[in-house]
Amino acid sequence: MTDILMPALSPTMEEGKLAKWNIKVGDTVASGMIIAEIETDKATMEVEAVDEGVVDAILVEAGTEGVKVNAVIARLKAEGGAASAPAPADKAPEAKAAPAPEAKPAPAAAPSLVAAAASPAPKAAGARVFASPLAKRLAKEKGVDLAAVKGTGPHGRIVKADVEGAKPGAAAPAAHTGGQSKSLESLGIAAGSYDLVPLDGMRKVIARRLTESFRDIPHFPLTVDIEIDALLAARVKINAALEKSGVKVSVNDILIKASAMALKAVPEANASFTPDGIAMHHNADIAVAVAIEGGLITPIVRKAETKTLSQIATEMKDLAARARDRKLAPAEFQGGTFSLSNLGMFGIKNFSSIINEPQGCILSVGAGEQRPVVKNGQLAVATVMSVTLTCDHRVVDGSVGAKWVQAFKSYCEDPVTMLA
Amino acid sequence: MDFDLIVIGAGPGGYVAAIRAAQLGMKTAIIERENLGGICLNWGCIPTKALLKTAETYEHLDHLADYGLSIEKRGFDFEKVVARSRGVAKTLSGGIAFLMKKNKIEVIEGAAKLEKGSPAPKVTVALKSGGSRTVQAKHVIIATGARARVIPAVGMVPDGERIWTYREAMTPKAMPKSLIVIGSGAIGIEFASFYRALGAGVTVVEAMDRILPVEDEEVSAAALKSFEKRGLKFRIGAKVTKLAKEGSGVAIELEVGGKSEKLTAEKAIVAVGIEGNVENLGLEALGVKLDRGHIVNDKHGATNVPGLYAIGDVAGPPWLAHKASHEGVHCVEHIAGKAGPTLDSPIPGCTYADPQVASVGLTEAAAKKAGYAVKVGRYPFQNHGKAIASGDTDGFVKTVFDAKTGALLGAHMIGHEVTEMIQGYVIAMTMEATEAELMGTVFPHPTMSEAMHEATLAAYGQALHV
């Protein structure tokens, strides 16, 4: 008899939704076979069988949410082996849709939501937090939510030093997660006049992280107009040259490259704020916002400064396709150093994005359109694109942000200089 | 590469590091020029405890009447007292040899010298059995320990006959009638206590303004009172200007409060601190950074030379066996990439005089100096049930809490067998307990440890038996 356990798809995953079973009782399973799909806050992943055998029991039904990592989800028996007593799904403790909270959270500390990748050591709501007595007391005094603190003591226990290093206000009252504390009814919207779409993992993360970011980070926008006729002409030539290889470079791919080059030119902008100091990143890992059904995700083109446009285009095409299918591995969307969001295809002229923590900057790209420009005192027509860089003022001051924008503009207006 | 790790020195730092390395799968060698177990086991912690047990038992005999017992006449055979102590050391040293064998650690007997090498310095051993052997490992840990400090300028240099260090003091041929002990740290006080118990006239000379200067001031004061009650004499705030042989004994010249004084005795023990064994290891040629006779290392034990580490006494104070072991284990785990998170664990200190002294963390004065608002609790053994029943009413327990957070900052004890109790507070501090957990802990009745509970309660005005 072999137990199949709920796998952890990322180091921080504590629970997930068992989205789909590809096997049923009686099926023969071979090692490596895809037996199930599991959904976490950001991704859907396939589960491969490790062991061989015949499916004896499915213990957690498809569609069950909140299945704890390492819970037994199914059993295999060796081929021809005796079947075990059936374990009906509704008897299995994991089979209930919503896990009952095990421990009541401290009154001051509301349960934190399953955090996104970038947050340190997120803990599932209701999970017991291990902390020394002194750490608990200090956290209470400082108003630090222990659920958001990474423990460095034995077995990851939170000790005094961890709390001392934590930001007060890491405690996120429920309202800050984006959910409302008041019912819509009390605000005058009649019951039955709307449908309620349940919050999935991704929506919760978007709500929590962006609320925190917009509230906690002192951010400011810098907007500039960029003439992109040269860039468009270059793209035509590049794509003609790449025709045989089947790779097609988009304007966005060029902007990824230009962003990375600008980060190399102004490395102060490639930075993250941490309580211990400013992290100056070695590589330009560009996180590119991709809209997907039910939300968005930011797959990362790593070391974009070192990659050719055709490499970036190929990589982006694959990442975007798999992002839309929710098939990205956590490592593919966690840990970028700079973000790029492009709403040009919707005709948006200009917008400013919210900082994607812990990155220091995010670039918002508007539509390229023909606009009247004045050149040498004469009216002329040029293709112009407005971009806005949102900066985390804790790491990127106005002049640094402006230098980056300048560098980016110059690469876009004269793309050949990216080859220098 | 001959080994993954070479440890130089088989004291409580070195041999423990070697065992931990073997447990982690490293091919390990240990080099020892003298005895496995180092000073601790052969010339320090352990054999002195054997001597002090003799002293304690002998003292009990003097108080038998208090317990309704009688004895015709007490006496001792000094040679047998010393022989027992040596036997204890020998048994334990043999135990280390067994542990090395069991863990497949190669023991190389001889004196080690380092030379430039990569990834760690090469080690050449002048073998005890003659000849030399050069071995190389990926990592080398220096754990050569320390020895008694000497101050030649004022004659504080042991001659092995009348001017002793701990070594000679541990293996005397005859019981001295009178003794001057220079230095009132743990080593000085323990020898003073031992010789006094067996009947020697003992005077302790201390340069600082109190005895046991690293302990809490209240403990120093109580210790002074207890020791004086037992007939020990003290010269405090006394600067030694000259120590020399005179007649058949020794004479010491002091400056106390601006006045000169001269004392004579049969023997003198120099216990004025420790200096690291950093010589003849080839450290200069390698450019190993030293500071006041000790090797400079980082928090994981690494020196400024790649692949070379230093732990224990040779790397500086506190000069304690358990600190060396703790550093040794941490250093090896760090090398193996498995370092635990308990590097900064508080380190207790113990003095095995009669009464004993034990402490951990900050003294009240040090806590205040560090800017803490403190809550201090005290509880004397004088009115404590178990202490009265046992006839051990000397001493007290003192706690120092951070008034703001309730963190236990320090604990200080003087009394019977308090060295066996201090770990209760050490565990509390290591686990970051606050006063609430200590108050909520049930202490067994009747035990001396109940005083620890009361001292905690006392800090918050809640002591039950005062």
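In β11 of chain B, B:Phe234 is the bridge partner of B:Val204, and this pair belongs to the four bridges through which strand β10 (residues 201-206) of chain B and β11(B) run side by side in the parallel sense. The model is a predicted one, in which local features need pLDDT of at least 70 and side-chain atom pairs count only at pLDDT 80 or more, while totals for chains, interfaces and linings use all residues. Residues are numbered from 1 along each chain as its sequence is written, and chains are lettered from A and ligands numbered from 1 in the order in which they are written.

**Sheet and hairpins of chain B**

- Helices (H or I, at least four residues) and strands (E, at least two) are DSSP runs numbered from the N terminus, and two strands pair if DSSP finds at least two bridges between them.
- An open sheet of chain B is formed by five strands in the order β8-β15-β9-β10-β11, with parallel pairing. Its edges are β8 (163-164) and β11 (233-236) of chain B, each of which has a single partner strand, so one side of each is left without a neighbour in the sheet.
- Strand β3 (residues 106-115) and strand β4 (residues 122-127) of chain B run antiparallel and are joined by six bridges; B:Glu115 has B:Lys122 of β4(B) as its bridge partner, and the hairpin of these two strands has six residues between them.
- β4(B) is also joined, by four bridges and again antiparallel, to strand β5 (residues 132-135) of chain B, where B:Ser132 stands opposite B:Ala126. This hairpin has four residues between its strands, and B:Gly130 in the turn has a positive phi of about 100°.

**Helix α1 of chain B**

- Nine of the 10 residues of helix α1 (residues 14-23) of chain B are buried, where buried denotes 20 or more other C-beta atoms within 10 Å of a residue's own, exposed 12 or fewer, and partly exposed in between, with C-beta atoms placed from the backbone.
- The cover over the buried residues of α1(B) includes β1 (3-8), β2 (28-32), α2 (38-43), α4 (78-102), β6 (137-142) and α9 (321-335) of chain B.
- The axes of α1(B) and α9(B), lines fitted to C-alpha atoms over the stretch in contact with angles from 0 to 180 degrees between N-to-C directions, come within 8 Å and cross at roughly 35°.
- Residues in contact, meaning that their C-beta atoms, placed from the backbone, lie within 7 Å, include B:Ala17 and B:Arg20 of α1(B) and B:Gly328 and B:Val332 of α9(B).
- B:Gly25, with a positive phi near 85°, follows α1(B).

**Nonpolar cores**

- A nonpolar core is a set of buried Ala, Val, Leu, Ile, Met, Phe, Trp, Tyr and Cys residues joined through C-beta atoms within 7 Å; the largest has 156 residues, and B:Ala17, B:Ile182 and B:Ala268 are among those with the most contacts inside it.
- Helix α6 (residues 186-197) of chain B gives the most to this core, with eight residues.
- A second, separate core of 75 residues includes A:Ile355, A:Cys391, A:Val405 and A:Cys412.
- Leaving aside residues up to four places away in sequence, B:Ile182 touches several residues, including B:Met156, B:Val205, B:Val240 and B:Val270.

**Contact between the chains**

- Chain A places 11 residues in contact with 12 residues of chain B, and helix α1 (residues 133-142) of chain A gives the most to its side, with five residues.

Notes
Two residues are in contact if their C-beta atoms, placed from the backbone, lie within 7 Å.
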